Amino acid sequence: MSEDSLATADIVVVGAGIVGLCTAWELSKRGFDVVVVEQRFVGFGATSRNPGALWVQTKRSGAELELSRSGVAKYHEYRDDLGDVFGFTQKGGIVFAEDAEGANGLEEYARERASAGLEVSLLKGRALDEASNIMPDGAVAGVFCDEDSQIDPHQFLTALTAACARRGIQVFEHTPVLSTIRSGDQVLGVQTLRGRVNAGGVVWATGAWATILNLEGIALPMQTLRYGQVMTQRVPGENGPILRGLRGTFGASALEPWASTTTTAPLRGDLLGYDDTLVQNRGGSIYVGHSVDGLNSLNPHITLDASRAMLEIAGERYARFGGLGITGLWAGLSGSTADGLPIVDRADGVFVNAGHAWGALSGPICGQLMAELISGARSELLNSVSLARTSLTGL
Ligand SMILES: Cc1cc2nc3c(=O)[nH]c(=O)nc-3n(C[C@H](O)[C@H](O)[C@H](O)COP(=O)(O)OP(=O)(O)OC[C@H]3O[C@@H](n4cnc5c(N)ncnc54)[C@H](O)[C@@H]3O)c2cc1C
């Protein structure tokens, strides 16, 4: 190894979020010698800043729904591989309405979802109130689907990192990648701040930061957004289904026609949208979110407008929890594409696994798809996340 060489491997994966580590794991299982290079530390990006809600019922029929279902199925496999240590529960999810208009809309939504092949049920009155200990005070109707699930993303990454180490996958933290190394058309590895990593293939799994491939002339059809999150102290009682309302349907494509027109999120300043989720973590804290702003900015800091939107919504909904402490307030950066699906493909010699807007769900299955692509396999699911798909244009 030369003085400037940090490591040599079959494949180098750039980025140690859920997408990078799942890709490394899948490649290693197929016999590749893999190293991972991370600019800060494992889970520095969006992966450790999200509540791990795995929404299936809100995904549009077709590729999005299919990828989501495969995404949940993939976690069953990971539970077998890593053990039951990352809080994976198929606890179901409820989309709720807070007025008559919303309740009527949810009836139509439930019919449309049933015709898409999902088993859903309508909840009202006592059944709705008793379905969750964090059901908002004003909820009047809901649609339950038991395919919706949840993981603890931090615990998942911790378990996966340990399992990767046991398989001999080296993860270099505090090692920013500056560029790919090329000779003509061939990619020979990456240049990091600590030296070269020589490899036969490079996987770029850097979340929102994938846009820096622009500097190498690779313009990915994706944009980046900043999602906000508020966390409260623990609410006593049993931890129930994941919840979402209609005040903003950002990221919930199947719900878009039924977004509320009467009780929308306060979109002040530069806020672009609202993703109206309410989820409890394993410890019982409520995660309220998400404000959406920061188009194509890599500034990760939450704004006052974003914080206010989430706090106002929480305050209105939870008169009964008014005394609850706020224990966290943050934002994270995520990629997104025109059709809501990630990109798993090769671009100018570099394998790209990016553009995940709901990567807690799509990350593990797309790790598998990337390993299949590198191994030469092809599938319908892989086609649906390729750069060649027509639905990718139009951002
Ligand atoms: C507040 C919030 C809530 C969310 N809620 C949910 C949810 O409930 N369910 C869901 O499915 N999804 C959710 N998401 C989306 C989900 O978090 C992301 O889609 C997912 O984490 C993306 O994973 P990733 O590995 O692609 O990116 P990241 O986790 O961001 O990882 C990318 C990694 O690459 C590293 N990196 C970047 N550039 C370089 C470089 N040059 N050299 C080396 N390393 C580099 C970064 O440091 C980072 O660690 C949420 C996101 C946010 C921000």
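The chat below goes through the domains, the ligand shell, a helix pair and some backbone details of a predicted model.

User: What domains does the assignment give for this protein?

Analyst: In this predicted model, the domain assignment gives domain 1, made of 5-49 + 154-221 + 339-392, and domain 2, made of 93-145 + 223-336. The contact between them takes 14 residues from domain 1 and 11 residues from domain 2, and the side of domain 1 that touches domain 2 has 7 nonpolar, 6 polar and 1 charged residues.

User: And how far apart are the C-alpha centres of the two?

Analyst: The C-alpha centres of domain 1 and domain 2 lie 30 Å apart.

User: OK, the ligand. Which residues come nearest to it?

Analyst: There are 39 residues around the ligand, and of these G17, G45, G207, G332 and G359 come nearest. Two or more residues of the shell come from each of α1 (18-29), β12 (223-234), β15 (285-293), β16 (326-336) and α7.

User: Which element gives the most to that shell?

Analyst: That is α7, which gives 4 residues to the shell around the ligand.

User: How does the shell divide into nonpolar, polar and charged?

Analyst: The residues of the shell divide into 18 nonpolar, 18 polar and 3 charged. As for the domains, the shell draws at least three residues from each of domain 1 and domain 2.

User: Back to α7 for a moment. At what angle do the axes of α2 and α7 cross?

Analyst: The axes of helix α2, residues 63-82, and helix α7, residues 359-374, cross at roughly 80 degrees and come within 8 Å. The two helices are therefore roughly perpendicular to each other, given that angles of 65 to 115 degrees count as such.

User: Which residues meet there?

Analyst: On the α2 side they are L67, S68, S70, G71, K74, Y75 and Y78, and these meet L361, S362, P364, I365 and Q368 in α7. By class, this contact of α2 with α7 has 6 nonpolar, 5 polar and 1 charged residues.

User: New topic: Q150. Is that residue buried or exposed?

Analyst: Q150, which lies in strand β7, residues 149-150, has 26 other C-beta atoms within 10 Å and is therefore buried, the cut-off for that class being 20 or more.

User: What does Q150 touch, leaving out residues up to four places away in sequence?

Analyst: With those left out, Q150 touches G52, A53, L54, G87, T89, K91, I242 and V279. Q150 and G52 are 98 residues apart in sequence, yet their C-alpha atoms are 5.4 Å apart in space.

User: Which residues have a positive phi although they are not glycine?

Analyst: H174 has a positive phi of about 50 degrees, and D348 has a positive phi of about 45 degrees; neither of them is a glycine. H174 is found in the loop between β8 (170-172) and β9 (177-183), while D348 is found in the loop between β17 (343-347) and β18 (350-354).

Note on methods:
Residues numbered from 1 in each chain as written. Predicted model: local features only at pLDDT ≥ 70, side-chain atom pairs only at ≥ 80, totals over all residues. Axes fitted to C-alpha atoms, helices over the stretch in contact; angles between N-to-C directions. Parallel < 35°, antiparallel > 145°, perpendicular 65-115°, else oblique. Contact = placed C-beta atoms within 7 Å. Nonpolar A, V, L, I, M, F, W, Y, C, P; charged D, E, K, R; others polar. Near = placed C-beta within 6 Å. Domains from an automatic or database assignment. Buried ≥ 20, exposed ≤ 12 C-beta atoms within 10 Å, placed from the backbone.
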